[in-house]
Each structure stands twice: as C-alpha cells, then as structure tokens.
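Subject: Handing over a structure

Hello,

Here is the structure I promised to pass on to you.

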Amino acid sequence: MNGKEPDPRFTLANERTFLTWLSTALALSAGGVAMAAVPEGVFVPWVRTALAVMLVSLAALAAGMAYPRWRNIQRALRNEAPLPPPALAAVFGYGVAAVAVVALVLIILAA
C-alpha cells in the first residue's frame, strides 16, 4: 500500500473491527442454522426457512465485506483521507431487526 505508515493504534483498531465483522458473521450464521433446526411445530416451515436464509445471507454478506472494508479503511489511514462511510450498517441493522420482529411475532402467536 502507498502512503505513510499510520499510527499502530489505528491499524490495530481497524483489525479489531475486521475481526468483529467476522464474529458477527459467525453469530448470524449460527442463528440461521439454529432457526433452521427449530422443530416444525413451532413456526410455519416456510417462515422458519425464510428467517434462516435471511440470517445466513446476512452472515455471508458480513464475512464477504469484512476484508474490503478493512482494506479501504487502511488505505484511507495511510493516505490521511476521510474514512469511508459504513455503507452496510443499515442493511445489517434493518436485516437483523426484521428477523427479530418476525421471530417475535411468531413466538407470540405460538404461545
């Protein structure tokens, strides 16, 4: 990479954020697998499958975008440029919220 070496604290913070994205991806993936394993009598099968697919898709997106985001931030740090905006934050926020709301409604209806 071109530019000057950034302060190691910023590089390490960027690396921690990268690892957090990977941890988030793993948690979303585990949630999707768990949703797929819910017994058939609890949720309508197609809804259970849709929720599982949404969670695993969010996991794949988080894992797939973790390194490009790390690289773009590292480049900005080296070039003393503004940091790129967190473009996918809304996707993850609303995606997880949608899954949670649908699951909550299904839990309430199953009780």
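The side chain of glutamine 74 makes a polar contact with the side chain of asparagine 14, at 3.0 Å. By polar contact I mean a pair of N or O atoms within 3.5 Å; within protein, one must be able to donate a hydrogen and the other to accept it, and residues adjacent in sequence count only if both atoms are side-chain atoms. Please keep in mind that this is a predicted model, where local features need pLDDT of at least 70, side-chain atom pairs count only at pLDDT 80 or more, and totals for chains, interfaces and linings use all residues. Residues are numbered from 1 along each chain as its sequence is written, and side-chain values use heavy atoms, with hydrogens and water left out.

Where do the two partners sit? Glutamine 74 belongs to helix 2, which covers residues 45–78, and asparagine 14 belongs to helix 1, residues 8–36. (Helices are DSSP runs of H or I with at least four residues, and strands are runs of E with at least two, numbered from the N terminus.)

Is glutamine 74 buried or exposed? Glutamine 74 counts as buried because its relative accessibility is 3%. Asparagine 14 is buried too, with a relative accessible area of 6%. The cut-offs are these: buried means under 20% relative accessible area, exposed over 50%, and partly exposed in between, using a 1.4 Å probe and protein chains only. Apart from neighbours within four places in sequence, asparagine 14 is in contact with Trp70, Ile73 and Gln74; contact here means heavy atoms within 4.5 Å.

Glutamine 74 has a further partner. The side chain of threonine 11 makes a polar contact with the side chain of glutamine 74, at 3.1 Å. Threonine 11 lies in helix 1 and, at 17% relative accessibility, counts as buried. With neighbours within four places set aside, threonine 11 touches Pro6, Gln74 and Leu77. Threonine 11 and leucine 77 are 66 residues apart along the chain, yet their C-alpha atoms are separated by 8.0 Å.

Now to helix 3, which spans residues 89–110 and holds phenylalanine 92. Phenylalanine 92 counts as buried because its relative accessibility is 8%. Which residues does phenylalanine 92 touch, not counting those up to four places away in sequence? They are Trp21, Leu28, Leu58, Leu61 and Ala62. Phenylalanine 92 and threonine 49, in turn, are 43 residues apart in sequence and 19 Å apart in space, C-alpha to C-alpha.

Two exposed residues are worth a look as well. Alanine 60 is placed in helix 2 and counts as exposed, since its relative accessibility is 52%. Glutamate 80 is found in the loop between helix 2 and helix 3, and at 57% relative accessibility glutamate 80 counts as exposed. Glutamate 80 also has a positive phi of about 50°, although it is not a glycine.

Finally, the protein as a whole. How many helices and strands does the protein have? There are three helices and zero strands, running α-α-α from the N terminus on. The radius of gyration is 18 Å, whereas a compact globule of 111 residues would be near 13 Å; the radius is taken over C-alpha atoms, and the globule rule is 2.2 Å times the number of residues to the power 0.38. Along the principal axes, the C-alpha atoms fill a box of roughly 60 × 20 × 20 Å.

Of the 111 residues, 24% count as buried. Among contacts with a separation of 6 or more, 73% come from residues 24 or more positions apart. The protein carries 8 positive and 5 negative side chains, and the centres of the two sets lie 4 Å apart. For that count, Lys and Arg are positive and Asp and Glu negative, while His and the chain ends are not counted; each charge is placed at NZ of Lys, CZ of Arg, CG of Asp or CD of Glu.

Enjoy exploring it!

Best wishes
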